[in-house]
Amino acid sequence: MTKNLTLFDIDSGQTEEALNQSFESWLADRQTSRSRAKSERALSEESINVYREMWQAFAKFCAERQMLLADLTVTDLETFLAIRGTGPDPEQPRQTTRGGYLSARYANRYLMLIQRVSQHQARVDGVQVNHAAALLRERPEYKYAEAADKDPPPDYLDEMQARVLIAYLTRAPQPESKEKMTWKTVRDRTAVALMLGAGLAPGDIRSLKLDGVITTGGRRAGVPWKLSVEGNGNSPARETPVADWAGRQLAFWLRIRAQQAIPGNYVFPSTMNGTQWSHTRCFEASRDVLESAKIGKDAGGLFKLRHTFALRQLRKGKSEEEVARWLGLLDINSMTRYRRIVLSYQDVV
């Protein structure tokens, strides 16, 4: 008979399956919660997917080292965060999931997830909670990671960076080039184009549907000029304009997509079967595009593209309320981050 392991078995470490079962138990408990507190209420589907992938990486880390969650130390968690690298924040996704700079905000989200699942499993098993994650979160760099007054000005592309990136994204395949141009190459570049030219977040890219691409009423027949983006737990449904160059790139991608006869309704599918792009693969592919364009090494991640879009619109005289609506922001106060730099920003896209 197979033994049912829990997080706190101490004979041979935890299996990934047992750890992942603990996450699913915590998730099921949270989804039935009637609390209105942000830390306790039910999660959106997008957040569930992100948290699940985050936890699976942690479960693999523990299982490979035969570690018990009950016995993990602060040093163990520091090691995990160090080798994990940067990754998507459930509310403000970052850049990649392997290597490089680890933001305090993202690290704090990871520690918070570990802490909450640990607390849940401890209640289920009737044992004492491991407080390593809570102790690490007390450090100033994590404790104040979410504080508004600690939020730095948004990273964005300067005029030259924006021009270089647009030229790279819209460059036609060159016969003499050794560069391999596949349908995924066009997909990845177009995804980045919509982050910069339409202000989409990576989550928006993954969920964007074909029927949300609007061409009717535009200046050029067949060229998208506006997108209808579905809402989720963090932002409402909205429409957002598309820059001319990004619209042309999107039209090119849609022709490639049709030629490949890819089924389904996702604008940016993961495979030829039309399945949805995973958040990890979307982040990595988009990160690689920025690095290939020679502008991906500095801080800011993918969201600097979205910030650049916002600055462009504000510089053109659009109101903060209008831009916030295009970005899907529920809190208009989020726009104050741009006021310090909007007057000096050059409109190039």
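A: Happy to. The protein chain has 14 helices and 3 strands, where helices (H or I, at least four residues) and strands (E, at least two) are DSSP runs numbered from the N terminus. This is a predicted model, in which local features need pLDDT of at least 70, side-chain atom pairs count only at pLDDT 80 or more, and totals for chains, interfaces and linings use all residues. Residues are numbered from 1 along each chain as its sequence is written, and side-chain values use heavy atoms, with hydrogens and water left out. Of the 349 residues in the chain, 50% are buried, meaning under 20% relative accessible area with a 1.4 Å probe, protein chains only.

Now for the close look. Helix α8 (residues 183-197) and helix α10 (residues 244-259) have axes that come within 9 Å and cross at roughly 150 degrees; the axes are lines fitted to C-alpha atoms over the stretch in contact, and angles run from 0 to 180 degrees between N-to-C directions. α8 is therefore roughly antiparallel to α10, a label for angles over 145 degrees. The crossing of α8 past α10 is left-handed, that is, the near helix is turned anticlockwise from the far one by less than a right angle.

On the α8 side, the residues that meet α10 include W183, V186, R187 and L194. Their partners in α10 include W245, Q249, F252 and W253, contact being heavy atoms within 4.5 Å. By class, this contact of α8 with α10 has 11 nonpolar, 3 polar and 2 charged residues; Ala, Val, Leu, Ile, Met, Phe, Trp, Tyr, Cys and Pro count as nonpolar, Asp, Glu, Lys and Arg as charged, and the others, Gly among them, as polar.

Definitions and conventions. Parallel < 35°, antiparallel > 145°, perpendicular 65-115°, else oblique.
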